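Thanks for coming, everyone. Let me put the structure on the screen, and then I'll walk you through it.

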Amino acid sequence: MSSRIPGRPAGAWKGHAFVALCGAAAAIIVAMLAVILFDVVRSGWAGLGWQFLVSAPSEGMRGGGVGPAIFGTFALVLLMTIAVVPLGVLTAVYLFEYARPDSGFARAVNLAVSNLAGVPSIVFGLFGLGFFVRFVGGGIDRVFHGGELAWGKPSILWAALTLALLTLPVVIVTTGEALRAVPVAAREASFALGATKWQTISRVVLPQSLAGILTGAILAVSRGAGEVAPIMFTGAAYFLPKLPSRLTDQFMELGYHVYVLSTQSPDIEATKPILYSTVLVLLFLTFLLNATAIAIRARFRAALRPQDA
Amino acid sequence: MNESTAARPRALDAVAAASSESRRRAARRAESLFGAVVRTAAFAAILVIVLIFVFVGREALPLLWQDATPGHESETVTWSSLAGPTTYPDRPPRHVWQPVSTVPKYNLAPLVVGTLKTTLVAILFAGPLAVLAAILTSEFAPRWVSQVVKPTIELLAGIPSVVLGFFALMVLATWLQQILGVRYRLNALTAGIGLGIAVIPIIYTVAEDALAAVPRSYREASYALGASRWETAVRIVVPAALPGIFAGLALGFGRAVGETMIVLMASGNAALTTWPLTDSVRTLSATIAAELGEVVFGGPHYRVLFLLGVLLFLFTFAVNLAGELTVRRLRERLGGRA
């Protein structure tokens with residue numbers, strides 16, 4: 001390309017061609033999403049039904065439904081949420097309400113959070129196995145159970161805690177965004193009335209950022225519900241005859257079930273209808289969660305915008 | 001405005017609550033306690049990163065100082081057996097990953113080659129699409145186009161990777177085989193394109209941010225000199241945002257290297273060191289996922305798999321750090337969204 005800016009008539013076709021190229025790229029991306037959704041919905045829709053959602057797999061995964069996997073997924077993300085939301089919200093409160101942004105510690109925390117978000121999910125799986133299952137669980141067994149195996153094996157608790165660490169950055173970032181959206185004037189009014197920092201945060205700032213915290217929790221759940229690599233070795237099971245009832249039980253999970261059905265089936269053609277329906281359930285679940293989070297976030301952003309100016 | 005006036009009575013309550021002396025002392029105690037709790041929580045974020053490194057490393061480390069068990073020298077893992085080729089009496093030396101065998105071979109070369117092949121395909125596929133789409137929505141597109149493209153990207157980002165792996169395995173592999181007429185359905189190309197779909201949202205988002213951070217004054221100066229919109233985009237805005245676009249590509253690369261389910265399901269998982277993209281490959285991440293379930297706890301194979309984890313962790317850590325710092329510096333230089 002020459003450095004001279006070409007005259008309008010000579011350059012016009014290049015401009016059109018470039019915009020068309022950009023448009024084609026965007027169109028390809030949109031088309032890919034459409035093809036994936038169309039394929040999954042078309043092949044998975046027929047198998048869906050109340051029976052599919054509640055019954056257990058049968059006939060060597062060629063029949064039945066995904067009831068236990070749905071139950072396991074919900075139990076897993078519930079435990080994960082209980083662990084990740086308090087930790088994430090408190091960390092965000094530290095970063096946005098307590099720390100001076102230029103302090104070394106705050107910078108280190110910020111850097112740790114953004115790097116945590118980039119750690120591969122399979123490394124979280126290794127960590128969950130090495131730390132939670134072997135070190136913490138094995139330690140509990142040695143100290144309290146005389147070495148008998150109770151906690152030192154994969155279970156829903158360890159899988160949920162592993163996922164909690166994986167989704168921690170999501171909660172911190174989203175909560176931080178919500179805290180920042182609370183007008184400074186609201187804090188100043190509270191301080192001017194004599195309230196302390198903790199009183200201001202707990203009764204003024206956090207209640208106003210509730211929608212943002214909720215968004216973070218939902219996004220974390222949506223992320224956690226779709227992750228398979230971290231739970232493969234920390235608690236998910238191929239098939240279980242009964243539902244998990246204790247923290248030390250293993251569990252079935254939708255994402256892991258998709259992996260098992262698509263790679264371990266002896267007869268993929270016979271498994272296909274069930275597989276597609278399972279994928280459709282998983283996709284529907286994650287999209288529903290994402291859409292809810294986006295809708296809530298849009299509302300609280302719109303509610304707070306006029307005050308920023 | 002409603003929300004801050006609603007908050008005021010609560011703050012008044014707080015003042016009333018703190019009025020009496022004993023309550024004031026309790027409030028002070030709560031104050032310092034809460035400060036400590038919040039600091040501890042923030043420290044946990046740093047602790048987690050350190051713990052991940054320590055505990056994944058702890059399981060791998062014994063590899064480095066173990067002595068050769070007498071009589072089992074050939075099974076001992078050494079640096080040369082991880083990096084160098086396996087020698088055979090009757091064949092030329094080769095790089096082999098064959099952990100389950102009478103003489104286990106833990107050569108990392110096939111896994112590194114496999115990882116590079118799939119991620120290269122992913123970046124070559126996703127990079128141009130994502131960057132061009134970002135240029136479109138930030139520079140040219142009317143509102144309605146952005147309102148289609150942006151939610152599409154958000155939806156794509158929300159698809160679990162196991163679903164993309166499933167799609168690559170069941171649908172994409174068949175299409176590619178029909179189009180290219182290749183022998184194996186599952187290969188580096190199939191897995192790479194699946195991976196590419198997964199990293200498009202990251203590259204797009206970072207590139208879009210970088211383009212949006214270019215100040216309006218740059219564009220206005222360019223228009224004032226008589227440049228058209230596309231000339232401004234190509235010669236002014238994109239060059240100014242280039243570090244951010246590269247950071248997006250780097251972050252996408254980091255994500256692709258660590259991504260597991262897609263390559264596990266769609267790459268074929270054969271540890272080959274060949275050039276063609278249509279051969280099956282086995283990546284670092286997929287090897288961990290496929291083999292960790294069947295190893296002896298504490299054995300050499302178990303430790304080598306954790307070593308792969310350490311490598312993945314260090315590599316993605318370096319790439320993310322570089323990408324993150326680039327984005328931060330660019331934002332400072334351009335002075336935010338002016």
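**Between the chains**

Start with the interface of chain B and chain A: the rule finds 1 salt bridge across it. By salt bridge I mean a side-chain nitrogen of Lys or Arg within 4 Å of a carboxyl oxygen of Asp or Glu. The partners are B:Glu59 and A:Arg134, with their closest N and O atoms 2.9 Å apart. Helices here are DSSP runs of H or I with at least four residues, strands are runs of E with at least two, and both are numbered from the N terminus.

Now the make-up of that side of chain B. It has 67 nonpolar, 13 polar and 13 charged residues. Ala, Val, Leu, Ile, Met, Phe, Trp, Tyr, Cys and Pro count as nonpolar; Asp, Glu, Lys and Arg as charged; the others, Gly among them, as polar.

A word on ground rules. This is a predicted model, where local features need pLDDT of at least 70 and side-chain atom pairs count only at pLDDT 80 or more, while totals for chains, interfaces and linings use all residues. Residues are numbered from 1 along each chain as its sequence is written, chains are lettered from A and ligands numbered from 1 in the order in which they are written, and side-chain values use heavy atoms, with hydrogens and water left out.

Back to the interface. What does each chain put into the contact? Chain B brings 93 residues and chain A brings 94. Contact means heavy atoms within 4.5 Å. Together the two chains bury about 8,300 Å², and 79% of that is on carbon and sulfur atoms. Buried area is the accessible area (1.4 Å probe) that two parts lose on being put together, summed over both.

A:Arg134, B:Arg58 and B:Glu59 are linked in a network of salt bridges.

Buried means under 20%, exposed over 50%, and partly exposed in between, with a 1.4 Å probe and protein chains only. Beyond its neighbours within four places in sequence, A:Asn115 touches B:Ile49, B:Phe317, B:Asn320 and B:Leu321.

**Salt bridges elsewhere**

How many salt bridges are there over all chains? The count comes to 12. One of them joins A:Glu97 and A:Arg187, at 2.7 Å from N to O. A:Glu97 is in helix 3 (residues 67-98) of chain A and A:Arg187 in helix 7 (residues 184-192), so the pair ties together parts 90 residues apart in sequence. Both residues, A:Glu97 and A:Arg187, are buried.

Next, B:Arg216 and B:Glu220, with closest N and O atoms 3.1 Å apart. Both lie in helix 9 (residues 216-224) of chain B, 4 residues apart, about one turn of the helix. An α-helix has 3.6 residues a turn, so residues three or four places apart point the same way. B:Arg216 is exposed, at 56% relative accessibility. B:Glu220 is partly exposed, at 44%.

Then there is B:Arg255 with B:Glu259, again a salt bridge, with closest N and O atoms 3.1 Å apart. B:Arg255 is partly exposed at 33%, while B:Glu259 is buried at 6%.

**An enclosed helix and a loop**

Look at helix 12 (residues 284-291) of chain B. Of its 8 residues, 7 are buried, so helix 12 is largely enclosed by the rest of the structure. Its buried residues pack against helix 5 (121-144) of chain A, and against several elements of chain B, including helix 10 (229-258) and helix 13 (300-334).

In the loop between helix 11 and helix 12 of chain B sits B:Ala270. B:Ala270 is partly exposed, at 26%. Leaving aside neighbours within four places in sequence, its contacts are B:Ser280, B:Val281 and B:Arg282.

**Confidence**

pLDDT is the predictor's confidence in each residue, from 0 to 100. Chain A has a mean pLDDT of 85, with 94% of its residues at 70 or more. Over residues 1-7 of chain A, pLDDT stays under 50. Where pLDDT is low, the predicted coordinates should not be read in detail.
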